[in-house]
Amino acid sequence: MDGVGSFGAGRAGAAFDPIAFIQQPQTILRILSWIFSMVVFGSIINEGYINHGSERLYCVFNKNNNACNYGTTIGLIAFLACIFFIIFDMKFQQISSIKDRKKAVMLDIGFSGFWAFLWFVCFCFLANQWQRTTPDELPLNQGADAARAAITFSFFSIFTWVGLTVRAVQKYMLGTDMSLFTTEELDGKPPVQPYPTVTSTEPNDTYQSPPFTENLDSNLRQPPTNAPTYQVPIY
């Protein structure tokens, strides 16, 4: 895993590096999944329906509209989900709560794994219906390229979404480096900034006597030993 700390990301509030983000395997897989899903539902919507012998449009997959509807729905939702998760990955490092990060990684695991399974079903469903399609149902091979493209990129999408699931599981197994987070972040609360320590400038109440005071008091109380004595004159 590239990244240290809580579930593959560093401490909250760190600077975002777009170059490093794009180079991450998880971002590359999401971009590929986004492109593959766009090819699948775009091919079906544009050329996946034909009107052979009537004004009504039929799906090129054995005239089974359920096949076209399923491929379009899965591809469109995957397309929007990739955009959502790319933005979410960009904001993931800004999440300060470890509990919220854990929930986000679990959501990624569940959705990616489930959508990998749906892409597998989509591939099998479209491939089966395409095998049952007769050449008479496609005059001049109309819509054949779109059908093959939808089947091919449905197959590729299985591996990209499985890769996303594996990456999410690796992030979950990486766990949390507790040394990067404070107690408030562990509880899901924003960290409290400590107040700066200010040096006290209040005057000291301890009274100090001025110098030489004690010596002056003692000299006043004790008369000098060599002082001259006077006698009162008798008249």
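How are α2 and α3 oriented to each other, roughly parallel or roughly antiparallel? α2 and α3 are roughly antiparallel, because angles over 145 degrees count as such, while those under 35 count as roughly parallel, 65 to 115 as roughly perpendicular and the rest as oblique.

This is a predicted model, where local features need pLDDT of at least 70 and side-chain atom pairs count only at pLDDT 80 or more, while totals for chains, interfaces and linings use all residues. Residues are numbered from 1 along each chain as its sequence is written, and side-chain values use heavy atoms, with hydrogens and water left out.

Start with the whole chain. The chain has seven helices and two strands. Helices (H or I, at least four residues) and strands (E, at least two) are DSSP runs, numbered from the N terminus. Along the sequence the order is α-α-β-β-α-α-α-α-α. Of the 235 residues, 34% are buried. Buried means under 20% relative accessible area, exposed means over 50%, and partly exposed lies in between (1.4 Å probe, protein chains only). Contacts are heavy atoms within 4.5 Å. Among the contacts with a separation of 6 or more, 79% come from residues 24 or more positions apart.

Now back to the first helix pair. Two packed helices are described by the angle between their axes and the distance between the axes. Helix α2 covers residues 25–47 and helix α3 covers residues 65–92; they pack at about 150°, with axes 8 Å apart. Axes are lines fitted to C-alpha atoms, for helices over the stretch in contact, and angles run from 0 to 180 degrees between N-to-C directions. α2 passes α3 in a left-handed crossing. A crossing is left-handed if the near helix is turned anticlockwise from the far one by less than a right angle, and right-handed if clockwise. From α2, the contact includes W34, M38 and F41; from α3, it includes L76, F79 and C82. The contact residues divide into 15 nonpolar, six polar and two charged. Here Ala, Val, Leu, Ile, Met, Phe, Trp, Tyr, Cys and Pro count as nonpolar, Asp, Glu, Lys and Arg as charged, and the others, Gly among them, as polar.

α3 also packs on helix α4 (residues 98–131), at an angle of about 155° and with axes 10 Å apart. α3 and α4 are therefore roughly antiparallel. α3 passes α4 in a left-handed crossing. The residues of this contact comprise 19 nonpolar, four polar and two charged.

Next, the cysteines. The structure holds one disulfide, a pair of cysteine sulfur atoms within 2.5 Å. The disulfide joins C59 to C68, with 1.8 Å from S to S. The link is right-handed, with 80° about the S-S bond. Both C59 and C68 are buried. C82 counts as buried because its relative accessibility is 1%. C122 is also buried, at 0%.

Two more residues complete the tour. I22 sits in helix α1 (residues 18–23). Beyond residues up to four places away in sequence, I22 touches T27 and I28. F153 belongs to helix α5 (residues 144–174). At 23% relative accessibility, F153 is partly exposed. Leaving aside neighbours within four places in sequence, F153 contacts F36, V39 and V40.
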